[in-house]
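Let's walk through this model together, one region at a time. Keep the viewer open and follow along as we go.

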Amino acid sequence: MSETMTSMQRVLTALSHKEADRVPLFLLLSLYGARELQMSVKNYFSSHENIIRAQIAMLKKYGADCIYGFTYAAVEIEALGGEVIYVEEGPPNSGEPVIKKNSDIERLEFPKVRETPCLLKALKAIEALKAFAGGETPIIGVVMSPFSAPVMQMGFEKYIELIYENRPLFDILMKKNSDFCVEWANAQLEAGASAICYFDPVSSPTIIDRGLFLETGFRVAKGAISKIKGAAAAHLASGRILPIIDDVAASGAAVIGASSLEDMKLVKEKCRGKISVLGNLNGIQMCGWDARRAETEVRKIIDSAACGGGLIISDNHGEIPWQVSEDVLLAISQAVREWGRYPQN
């Protein structure tokens, strides 16, 4: 069957748990845009015009079914006045924590999204990309979940201590983070994003057990997602999901990102009819693939999880590494078109 749907139609059909013309493909290319334009990561993210040019060029080159509005996770720390550390051929990282002691939490103040230059860059890019796409290609915005953002804000060890030892102060931080998360998500939707990726790695059972998740991350996600004025995809950034799939579906998320550590057949069976699956190509291993290996890995996912819709093929982490070759990305795209056509045998 030839491709007869637009990317938007294809994705919406998949999210309705129906079979489209083929399985949709999301290549989540953020810092890869710097490689595309042959400039440093820092220079690339210095201008929304660079992001626009690169996203359009990469969409045309690889033929994926989305445009990625994500810049870098540390932009939310930058918005708070924190440090961003740039490295060659890797994503920008947050520097020194903005919360150095627990008493800083009560004094923490978030800026208005539309008055913050680093956030406005992303909004301007999304607005222009929306005009380019004309409703035919989904544009994906991104927020860090209120529950996972404190890893950057205060460091992992201090944050875990806060969760266990000071729930009243934890609740104050969650309220402040949630208000910002919702404002930031809705600003991206107003700018033209089609959906929001809600990155929430700390909620994964790879990091905390389900019981603690239900007391904390689940409650926070349910509150925040209910206020986001569009579809949300929960992404645990390579973390395992099988034990909490039903919980994530109950939080209001329409999509869940699957780990490469898990069997996609089992994931799909547990998700069927409740929540769609995004994944689960191993982005780190992808750096060493050739075209044949890329095709093999795509076929494994299709064989395991394509039937009945509800699947979007993507990497398992939410960002294609700089070190992945263009030939591999082209091979992934070609394999989805060749083997992802419906009906599946």
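First, some ground rules. This is a predicted model, in which local features need pLDDT of at least 70 and side-chain atom pairs count only at pLDDT 80 or more, while totals for chains, interfaces and linings use all residues. Residues are numbered from 1 along each chain as its sequence is written, and side-chain values use heavy atoms, with hydrogens and water left out.

Let's begin with strand β5, residues 195-199. Helices and strands here are DSSP runs numbered from the N terminus (H or I with at least four residues for helices, E with at least two for strands). Five of the five residues of β5 are buried, where buried means under 20% relative accessible area, exposed means over 50%, and partly exposed lies in between, for a 1.4 Å probe and protein chains only. In a regular strand the side chains alternate between the two faces of the sheet. In β5 both faces are covered: Ala195, Cys197 and Phe199 are buried on one side, and Ile196 and Tyr198 on the other.

Now look at the neighbours of β5. Strands count as paired if DSSP finds at least two bridges between them. β4 and β5 run parallel and are joined by five bridges, with Met144 standing opposite Phe199. Five bridges also join β5 to β6 in the parallel sense, and here Ile196 stands opposite Ala232.

Strand β6 covers residues 231-235, and four of its five residues are buried, so the rest of the structure largely encloses it. β6 also pairs in parallel with β7 (residues 255-257) over two bridges, where Ala234 stands opposite Ile256.

Next, the cavities. On a 1 Å grid over the protein atoms alone, a cavity is a set of points where a 1.4 Å probe fits but cannot get out, and lining residues have an atom within 4 Å of a point. Grid points are joined across faces, edges and corners, and a volume is the space filled by probe spheres set on the points. Searching the whole structure gives four cavities of 30 Å³ or more, and the largest cavity holds about 80 Å³ of space. Its lining has 13 residues, of which Phe70, Tyr72, Val75, Val142 and Trp184 lie nearest the centre. The elements giving two or more residues to this lining are α5 (75-79), β4 (139-144) and α10 (167-191). β4 gives the most, with three residues.

How many salt bridges does the model have? With a salt bridge taken as a side-chain nitrogen of Lys or Arg within 4 Å of a carboxyl oxygen of Asp or Glu, the count comes to 18. In helix α16 (residues 291-305), Glu297 and Arg293 sit four residues apart, about one turn of the helix. The closest N and O atoms of this bridged pair are 2.7 Å apart. Glu297 is buried at 14% relative accessible area, whereas Arg293 is partly exposed at 34%. Elsewhere, salt bridges with shared partners join Glu3, Arg10, Asp21, Arg22, Asp65 and Arg337 into one network.

Finally, check a few backbone angles. Most residues other than glycine have a negative phi, and most peptide bonds are trans. Glu89, in the loop between β2 (84-85) and β3 (93-94), has a positive phi near 60°. Ser238 lies in the loop between β6 and α13, and its phi is also positive, near 85°. The peptide bond from Gly279 to Asn280 is cis, with omega near -10°, and Asn280 is found in strand β8 (residues 276-281). Another cis peptide bond joins Tyr342 and Pro343, with omega about 0°; Pro343 is in the segment after α17 (326-339).

Note on methods: 1 Å grid on protein atoms, 1.4 Å probe; cavity = no way out; pocket = protein on both sides within 12 Å on 5 of 7 lines; lining within 4 Å.
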